[in-house]
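Visitor: Could you take me to one part of this model and look at it closely? Then please connect it to the side chains elsewhere.

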Amino acid sequence: MGGVAVDEGTEGVKAPDGGWGWAVLAGCFVITGFSYAFPKAVSVFFKELILEFGVGYSDTAWISSILLAMLYGTGPLCSVLVNRFGCRPVMMVGGLFASLGMILASFSTSIIHIYLSTGVITGLGLALNFQPSLIMLNRYFSEKRPLANGLSAAGSPVALCCLSPLGQVLQYQYGWRGGFLILGGVLLNCCVCGALMKPLVAPKTVQAEDMEQEEVKRTQAADMKKPKGKLLDFSVFKDCGFVIYTVAASIMVLGLFVPPVFVVSYAKELGNEDTKSALLLTILGFIDIFARPTCGVIAGLKWVRPRCVYFFSFALIFNGVTDLVGSQAKDYASLVVFCIFFGISYGMVGALQFEVLMAIVGTAKFSSAIGLVLLMEAIAVLVGPPGAGRLLDATKNYMFVFLLAGSEVVLSAVVLATYRRVQSKGGTREGQVVDMAKEAGNE
C-alpha cells in the first residue's frame, strides 16, 4: 500500500541523487542487461532447436522477435500496473514470470510452446521489470540522472558479453533443455532487483502518536472521497515535444537495430571465416560498454544538459552517418572501423534516449509516457529488421541494407531537431525549460 501511495505522488519528494539510489541503479543495471541482451543471447540455442523440432532458422528467429515485441508492446500495460500497484510489486511478479517462462520452455514439445513460454511469458516478465526500473531510477536521481542513465544503459552490452558465452557453455554441457532451465533460475535475480526498488517516502515531522493516527484516518477518509488518479495518462499527447519525440523514436528504431543483425553476415559475404566475423559483435559490444557511461557523464555537464535534445540529435546523426559510410565497406578492416564507430554512436543513443524523454515530460508523467513510447517502438521493431531482410533478398547486396538503416536514423534526427522550433513557439508544456535548468543546477 505504501508503494502505491508514493508512486502516485512523489512530486513533493526530493530525489536523493545517491544513498539508496545507488542500489536502485545497480538493480536497473541488471534489469536493463537482461531485457536487452536476453533476446539476443537466447539465439545461441537456435541450432539445437532447429534439429530438435525440424524447423527453419526463420521459425526460431521468431523467439527473439516475440521477446522484443513483448518488451516494447506491453508498455501501456506496465504503466497501468505501476500506477496502480507501484514499481516494487510489479517487478517482483515480473521476475517470477520471466523465470517461469524459461522453466516451462525447457519442457516444450514443439516450437509453438517455446513461442508461448519464452516469447510471451518471459517477454512479459522482462517488460514488467524493465519499465518500472527506469521509473524508479528517474525518481531517485535528478542532478546526476544523465550519469545514472548512462551507467544503467551499460548493463545491455555487459550482459550480452556474459549471457552469450554462458548460453554456449550451458548448451554444450546440458543441452538446450538444461540451458533453458538454468537460465530460468538466473532470471529469478529479477526478483532481487525488484526488492531493491524501495519507494521514496517524504520525511516525517515530529508529532505525537495519537496525532499521527488521527491524520492517517483523516487521509484515508479523504482518499475514499477523491477520484482515483489516471492509470494511463494520455494527456502527454497534448505535449508537442512528446509527440515529436515519439515519432522520432519510432523512425529511429526502424534502422537502429539493423546493422548489429546483419554485420556478421556482411563479413561472411566478404569471404571472412565464421569466428572472425563473429568477433565484430564482440568489438561493437566492448566499445558500447564504455560509450554509454561516458556519454552519461558528458550529458550531465551544466552546459550540455539543458541542450540534451540537441546532443541526442547529434548521436542519431553520428549513428546514421556511420551506417551510410559503413555500407561502402569492402574488407574486414573497414568493417572493424565501422563497428568501433557504430559502438560509440550506438552507446550514445542508448544512454540518451530515456534521459531526453524524462527531460521532455517530467517525472510525474514519465510512467505513462514511457509505456506509450515503447508501444509505438514495438511496431517499428517488428517492421525494421524483417523489412531490411526483404530488401536484402531482393537486391542481394548488403550496401542497400545499411544505406536504408542509416537514412532512417538520420531522418529521425531531423524530426527530433524540429523540437526546438516547436518549443520556441510555445508548443511544448510550459515550464519545461525551467525544470531542465533547475536540474542542471542553474536555479
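Guide: Start with phenylalanine 338 and phenylalanine 342: both are buried. Here buried means under 20% relative accessible area, exposed means over 50%, and partly exposed is in between, using a 1.4 Å probe and protein chains only. This is a predicted model, so local features need pLDDT of at least 70, side-chain atom pairs count only at pLDDT 80 or more, and totals for chains, interfaces and linings use all residues. Residues are numbered from 1 along each chain as its sequence is written, and side-chain values use heavy atoms, with hydrogens and water left out.

Stay with these two phenylalanines. Phenylalanine 338 and phenylalanine 342 are four residues apart in helix H16 (residues 332–361), so about one helical turn separates them. Helices (H or I, at least four residues) and strands (E, at least two) are DSSP runs, numbered from the N terminus.

Now the rings. Two rings of Phe, Tyr or Trp (its six-membered ring) pair if their centres lie within 6.5 Å; planes under 30 degrees apart count as stacked, over 60 as edge-to-face, and the rest as tilted. A pair of aromatic rings is described by the distance of the centres and the angle of the planes. The whole structure holds 16 aromatic pairs. One of them is phenylalanine 314 with phenylalanine 318, a tilted pair at 6.1 Å centre to centre, with 35° between the planes. These two lie four residues apart in helix H15 (residues 308–326), so about one helical turn separates them. Phenylalanine 314 is partly exposed, at 49% relative accessibility.

Lysine 276 lies over the face of tyrosine 332, 4.6 Å from the ring centre. The charged end of lysine 198 sits over the ring of tryptophan 20, at 4.8 Å from its centre.

Next, the charged pairs. Side chains of opposite charge can pair when their charged atoms come close. A salt bridge is a side-chain nitrogen of Lys or Arg within 4 Å of a carboxyl oxygen of Asp or Glu. By this rule, there are four salt bridges. One of them joins glutamate 52 and arginine 177, at 3.3 Å, N to O. It links distant parts of the chain: glutamate 52 is in helix H3 (residues 46–53), arginine 177 is in helix H9 (residues 155–186), and they are 125 residues apart. Glutamate 52 is partly exposed, at 42% relative accessible area. Arginine 177 is partly exposed too, at 29%.

Another salt bridge joins arginine 292 to aspartate 288, with the closest N and O atoms 2.7 Å apart. Both residues lie in helix H14 (residues 274–299), four residues apart, about one turn of the helix. Arginine 292 and aspartate 288 are both buried.

Arginine 305 pairs with glutamate 355, the closest N and O atoms being 3.7 Å apart. Arginine 305 is in the loop between H14 and H15 and glutamate 355 is in helix H16, so the pair ties together parts 50 residues apart in sequence. Arginine 305 is buried, with a relative accessible area of 3%. Glutamate 355 is buried as well, at 2%. Through shared partners, salt bridges join Arg145, Arg305 and Glu355 into one network.

Last, the cysteines. A disulfide is a covalent bond between the sulfur atoms of two cysteines. The cut-off used here is a pair of cysteine sulfur atoms within 2.5 Å. The count is zero disulfides. The sulfur of cysteine 190 is 6.2 Å from the closest cysteine sulfur, in cysteine 193, which is too far for a bond. Cysteine 190 is buried, at 0% relative accessibility. Cysteine 308 is buried too, with a relative accessible area of 2%.

Note on methods. Lys NZ or Arg CZ within 6 Å of the ring centre and 35° of its normal.
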